[in-house]
Amino acid sequence: MGTCLILNAAMTTDQQSFRLILSERSPFARRIRMALRSLNLQVTEEMVNVLEDPKPLIGKNPLGLVPTLWHPKHGWLYESSVILQILEEEHPGALWPVRSHRVQHLRISALATGIMGASVHYFLVTKMQETPSERWAADYLSSVVEGIKALAEELAQVPIPDTYSQAHIDAGIALEYAGLRIPDTANQLDQTAFRTLLEKLRKFTWFEASRPRQ
Ligand SMILES: N[C@@H](CCC(=O)N[C@@H](CS)C(=O)NCC(=O)O)C(=O)O
């Protein structure tokens, strides 16, 4: 697959290629990094710390969240699942290549993004609030723990393909992020199904290269 540039005389050079605003640890941004790399699209990455300085997103994403993507054809896009849907429509079958287990794959992806969201909120509630709320922390932790259990059950039902699979990429990103932010999940994450999945995913250079460090 080649680079997708929609050339338009009125555009500056910057506007003619993909530009991704992200934060280093954002699991949602990692989904988009992985997809753009796997589609072999050239992208300029702009790291921000949204918690400390949301200014780089002003005028680009009214929600003030990453990932935020400049798409040469559509302008600023946000919401990782929507971005992935647009990329998939432009490159049919590239991100969701396995048609035979479509519903299971979508369920894996839904569980994975749910775990990502609950882990992000758990982190915000426990580490970023002046007075952490025990009740909300317990609630988010429970979503993460139950989500991981369900994810293990779903993964056991479908083979892990050797090719790029958004569902499995999402599962891997969610597990690594939960492991990073919530040490309480360590025992739960230490199981053969997850080790096998991560071993396969780490063969994609960009999965390993985009892994968030402590
Ligand atoms: N549903 C959104 C979630 C994006 C999201 O929550 N991003 C977080 C980073 S992981 C963020 O930008 N947080 C900044 C903030 O809350 O101020 C998506 O899928 O893109």
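1. A quick definition to start: a helix crossing is called right-handed if the near helix is turned clockwise from the far one by less than a right angle, and left-handed if the turn is anticlockwise. With that in hand, α1 passes α5 in a right-handed crossing. Please keep in mind that you are looking at a predicted model.

2. Here is the setting for that crossing. The protein splits into domain 1, residues 22-90, and domain 2, residues 102-209. Between the C-alpha centres of domain 1 and domain 2 there are 20 Å.

3. How many residues of each domain are in contact with the other? On the domain 1 side there are 11, and they meet 12 residues of domain 2. Both α1 (27-38) and α2 (80-90) supply at least two residues each to the side of domain 1 that touches domain 2. The most comes from α1, which gives eight residues. Sorted by class, this side of domain 1 holds five nonpolar, four charged and two polar residues.

4. Now back to the helix pair. Two packed helices are described by the angle between their axes and the distance between the axes. For α1 and α5 (residues 166-181), the axes come within 10 Å and cross at roughly 145°.

5. Which classes do the residues of the contact of α1 with α5 fall into? Six are nonpolar and three are charged, with no polar residues.

How values were computed
Residues are numbered from 1 along each chain as its sequence is written. This is a predicted model: local features need pLDDT of at least 70, side-chain atom pairs count only at pLDDT 80 or more; totals for chains, interfaces and linings use all residues. Domain bounds come from an automatic or database domain assignment. Two residues are in contact if their C-beta atoms, placed from the backbone, lie within 7 Å. Helices (H or I, at least four residues) and strands (E, at least two) are DSSP runs, numbered from the N terminus. Ala, Val, Leu, Ile, Met, Phe, Trp, Tyr, Cys and Pro count as nonpolar, Asp, Glu, Lys and Arg as charged, and the others, Gly among them, as polar. Axes are lines fitted to C-alpha atoms, for helices over the stretch in contact, and angles run from 0 to 180 degrees between N-to-C directions.
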